[in-house]
Amino acid sequence: QVQLAESGGGSVQAGGSLRLSCAASGLTYSSYCMAWFRQAPGKGLEGVATIDSIGSIIYVDSVKGRFTISHDNAKNTLYLQMGSLKPEDSAMYYCAANGWGGCSPNQPVYRYPFWGQGTQVTVSL
């Protein structure tokens with residue numbers, strides 16, 4: 001039984017920063033992948049970043065150098081630190097996870113059976 005819950009979204013001006021959190025329960029530590037996806041209005045889900053159970057991290061090119069994904073094992077919480085935000089970053093951000101690792105933000109959504117409800121991020125000019 002895995003449950004994910006995102007928080008930390010909000011409205012910021014371009015160039016600002018925001019930190020998203022995803023509280024996880026029921027996720028094993030041996031092998032897993034945790035990921036951030038986002039969905040802008042009228043568009044499909046887009047992978048943002050992933051981190052696995054040994055700390056391997058992958059970012060999509062559009063957020064490299066601006067976003068940082070991390071996982072606090074003690075708190076069982078996933079984070080996405082977002083900086084230098086752009087209007088095109090505006091989206092509903094979702095936390096996702098699987099129980100086997102080997103993850104990539106470029107993989108389709110069915111590779112992640114566990115999802116949170118999402119948290120809204122709006123970046124204005």
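Q: If the bonded cysteines of the chain are numbered in sequence order, what is the pairing?

A: A disulfide is a covalent bond between the sulfur atoms of two cysteines. In this predicted model, a search of the whole structure finds two disulfides, and with the bonded cysteines numbered in sequence order the pairing is 1-3, 2-4.

Q: Which residue does the disulfide of Cys22 join, and what is the torsion about the S-S bond?

A: Cys22 is joined to Cys95, with an S to S distance of 2.1 Å, and the torsion about the S-S bond is about -75°, so this disulfide is left-handed. Since Cys22 lies in strand S3 (residues 18–25) and Cys95 in strand S9, the pair ties together parts that are 73 residues apart in sequence. Cys22 has a relative accessible area of 0%, which falls under the 20% cut-off, so it is buried; Cys95 is likewise buried, with a relative accessible area of 0%.

Q: Where do Cys33 and Cys103 lie, and are they buried or exposed?

A: The disulfide between Cys33 and Cys103 has an S to S distance of 2.2 Å, and the torsion about its S-S bond is about 95°, so it is right-handed. This pair links distant parts of the chain, with Cys33 in strand S4 (residues 33–39) and Cys103 in the loop between S9 and strand S10 (114–115), 70 residues apart. Both Cys33 and Cys103 are buried.

Q: In what order do the four strands of the open sheet stand?

A: Strands of a sheet pair through backbone hydrogen bonds, either parallel or antiparallel. Here the four strands form an open sheet in the order S1-S3-S8-S7, and the pairing is antiparallel. The edge strands are S1 (3–7) and S7, each of which pairs on one side only, while neighbouring strands of this sheet are turned by 15° against each other on average, direction ignored. Between S7 and S8, which run antiparallel, there are six bridges, and Thr68 stands opposite Gln81 in S8.

Q: Which residues other than glycine have a positive phi, and where do they lie?

A: One of them is Asn76, whose phi is near 50°, and which is placed in the loop between strand S7 (67–72) and strand S8 (77–82). Ser84, also not a glycine, has a positive phi of about 50° and lies in the loop between S8 and strand S9 (91–98). The relative accessible area of Ser84 is 45%, so this residue counts as partly exposed.

Technical notes:
Residues numbered from 1 in each chain as written. Predicted model: local features only at pLDDT ≥ 70, side-chain atom pairs only at ≥ 80, totals over all residues. Heavy atoms only, no water. Helix = DSSP H or I, 4+ residues; strand = E, 2+ residues; numbered from the N terminus. Buried < 20%, exposed > 50% of the residue type's maximum accessible area, 1.4 Å probe, protein only. Pairing = 2+ DSSP bridges. Axes fitted to C-alpha atoms, helices over the stretch in contact; angles between N-to-C directions. Disulfide = S-S within 2.5 Å.
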